[in-house]
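Here's a walk through this one, taken piece by piece from one end to the other. Keep the viewer open as you read.

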Amino acid sequence: MTFTDNEYLEVIQRNETVKEAFDTIKQTCIDLQKQTNCPEEDVKNFLIFISKNWNNQ
């Protein structure tokens with residue numbers, strides 16, 4: 001099931017667990033970019049890579 005951006009925002013606002021995960025991931029990406037001086041595109045590509053591999057243990 002695919003969510004629209006508005007649906008994601010609504011869930012983030014209404015569900016504390018989802019909001020906490022969103023905030024943590026967002027801050028981690030900000031910190032990563034600051035610490036490595038990499039462009040935003042690299043962080044985006046890294047997130048895509050993670051999303052493809054997050055459950056491959």
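Helices here are DSSP runs of H or I at least four residues long, and strands are runs of E of at least two, numbered from the N terminus. What you're looking at is a predicted model, where local features need pLDDT of at least 70 and side-chain atom pairs count only at pLDDT 80 or more, while totals for chains, interfaces and linings use all residues. Residues are numbered from 1 along each chain as its sequence is written, and side-chain values use heavy atoms, with hydrogens and water left out.

Let's begin with helix 1, which covers residues 5-14. Arginine 14 and glutamate 10 both sit in this helix, 4 residues apart, or about one turn. An α-helix has 3.6 residues a turn, so residues three or four places apart point the same way. The two side chains meet in a salt bridge, at 3.5 Å from N to O; the term means a side-chain nitrogen of Lys or Arg within 4 Å of a carboxyl oxygen of Asp or Glu. Arginine 14 counts as exposed because its relative accessibility is 70%, whereas glutamate 10, at 40%, is partly exposed. (Buried is under 20% relative accessible area, exposed is over 50%, and partly exposed is in between, using a 1.4 Å probe and protein chains only.)

Now for the aromatics. Rings of Phe, Tyr and Trp (its six-membered ring) pair if their centres lie within 6.5 Å, with planes under 30 degrees apart called stacked, over 60 edge-to-face and the rest tilted. That rule gives 1 aromatic pair. The rings of phenylalanine 3 and tyrosine 8 have centres 5.2 Å apart and planes at 55°, so the pair is tilted.

Back to helix 2, which runs over 16-36. At the start of helix 2, a side-chain oxygen of asparagine 15 comes within 2.9 Å of the backbone nitrogen of threonine 17. Further along, the side chain of threonine 24 reaches the backbone oxygen of glutamate 20 at 2.8 Å. Just after helix 2 comes asparagine 37, with a positive phi of about 60°. Asparagine 37 belongs to the loop between helix 2 and helix 3 and is exposed, at 71%.

Finally, look at the surface. Ile25, Leu32, Phe46, Leu47, Phe49, Ile50 and Trp54 form a nonpolar patch with about 690 Å² of accessible area together. Patches take residues with over 30% relative accessible area and no salt bridge, joining like charges within 9 Å and nonpolar side chains (Val, Leu, Ile, Met, Phe, Trp, Tyr) within 5 Å; the areas come from the Shrake-Rupley method with a 1.4 Å probe, and for residues only the protein chains shown count as cover. Helix 2 and helix 3 (40-53) each supply at least two patch residues, and the largest share, 4 residues, comes from helix 3. Phenylalanine 46 lies in helix 3 and is partly exposed at 41%.

How values were computed:
A polar contact is a pair of N or O atoms within 3.5 Å; within protein, one must be able to donate a hydrogen and the other to accept it, and residues adjacent in sequence count only if both atoms are side-chain atoms.
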